[in-house]
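This note sets out several points for a first reading of the model shown below. Please keep the sequence and the structure in view while working through them.

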Amino acid sequence: MIVYIAVDDENGMLFNNRRQSQDRVMRENMLKDCVDSKLWIAEYSKKFFVDENGNITQPNVMIDNNYLALAGENDCCYVEKEDITPYIDKIDTIVLYKWNVRYPADTYFNISLLDSNWKKHSLNHFKGSSHDKIYKEVWKRV
């Protein structure tokens, strides 16, 4: 399983149940990565993947609040607020989108990627719709 998570410089994910960012270009980047896989999301993220009539705009997007448990080996998951710790053994790749800023946060990404289980596979950046530079770190299980 591949998880995609947006965090600030302190690994903050949410503040008062509100997401750190709503960057459209970041989501397009993720959709391009997951074009040949299912992309699982929670109801919380649904508004970014449906049209004005509530129809899913991408055929590979699956919506279920239990998505981390349902996701298969080669599936992608967009995580905005869930704790991935209970599913860590299913996860082969973690993709972090970082803003290079610090926002108020009360929910954090809490997996240490600096231990011997993970290795940074790539780091690049692109211009987002809400941030001049979005860093994309791809971490793979060793």
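Where does Ile56 lie? The points below begin with that residue and then turn to the chain, its cores and its spaces.

1. Basis of the note. This is a predicted model, in which local features need pLDDT of at least 70 and side-chain atom pairs count only at pLDDT 80 or more, while totals for chains, interfaces and linings use all residues. Residues are numbered from 1 along each chain as its sequence is written, and side-chain values use heavy atoms, with hydrogens and water left out.

2. Ile56. The residue is found in the loop between strand E4 (39-41) and strand E5 (61-63). Helices (H or I, at least four residues) and strands (E, at least two) are DSSP runs, numbered from the N terminus. Ile56 counts as partly exposed because its relative accessibility is 40%; buried means under 20% relative accessible area, exposed over 50%, and partly exposed in between (1.4 Å probe, protein chains only). When neighbours within four places in sequence are left aside, Ile56 is in contact with Phe49, Val50, Val61 and Ile63, where contact means heavy atoms within 4.5 Å. The C-alpha atoms of Ile56 and Lys46 are separated by 8.4 Å, and these residues are 10 residues apart along the chain.

3. The chain as a whole. The protein chain contains two helices and 10 strands, and along the sequence they follow the pattern β-β-β-α-β-β-α-β-β-β-β-β. The radius of gyration is 14 Å, close to the 14 Å that the globule rule gives for 142 residues, so the chain is as compact as a globular protein of that length. This radius is taken over C-alpha atoms, and the globule rule is 2.2 Å times the number of residues to the power 0.38. Along the principal axes, the C-alpha atoms fill a box of roughly 45 × 35 × 30 Å. Of the 142 residues, 44% count as buried. Among contacts with a separation of 6 or more, 66% are between residues 24 or more positions apart.

4. The nonpolar cores. A nonpolar core is a set of buried Ala, Val, Leu, Ile, Met, Phe, Trp, Tyr and Cys residues joined through side-chain atoms within 4.5 Å. The largest has 22 residues, and those with the most contacts inside it are Val3, Ile5, Cys77, Val79, Ile84, Ile94 and Phe109. At least two residues of this core come from each of strand E1 (2-7), helix H2 (67-70), strand E6 (76-79) and strand E7 (93-98). E1 gives the largest share, three residues. Apart from this core lies another, of 20 residues, including Met26, Phe48, Cys76 and Phe126.

5. Thr93. This residue has its place in strand E7. Thr93 counts as buried because its relative accessibility is 7%. Residues up to four places away in sequence not being counted, Thr93 touches Met1, Ile2, Val3, Trp118, Val138, Trp139 and Lys140.

6. Asn16 and Asn17. Asn16 lies in the loop between E2 and E3, and Asn17 lies in the loop between E2 and E3 as well. Although it is not a glycine, Asn16 has a positive phi of about 55 degrees; Asn17, also not a glycine, has a positive phi of about 65 degrees. Is Asn16 buried or exposed? With a relative accessible area of 57%, Asn16 is exposed, whereas Asn17, at 44%, is partly exposed.

7. The largest pocket. On a 1 Å grid over the protein atoms alone, a cavity is a set of points where a 1.4 Å probe fits but cannot get out, and a pocket is an open set with protein on both sides within 12 Å along at least five of seven lines; lining residues have an atom within 4 Å of a point. The largest pocket has a volume of about 170 Å³, a volume being the space filled by probe spheres set on the points, which are joined across faces, edges and corners. Among its lining residues are Leu14, Phe15, Arg18, Arg19, Tyr44 and Tyr103. Strand E2 (12-15) and strand E3 (18-19) are the elements that give two or more residues to this lining.

8. The largest cavity. The count comes to one cavity of 30 Å³ or more, and the largest cavity has a volume of about 50 Å³. Its lining includes Ala6, Met13, Tyr78 and Glu80. E2 and E6 each supply at least two of the lining residues.
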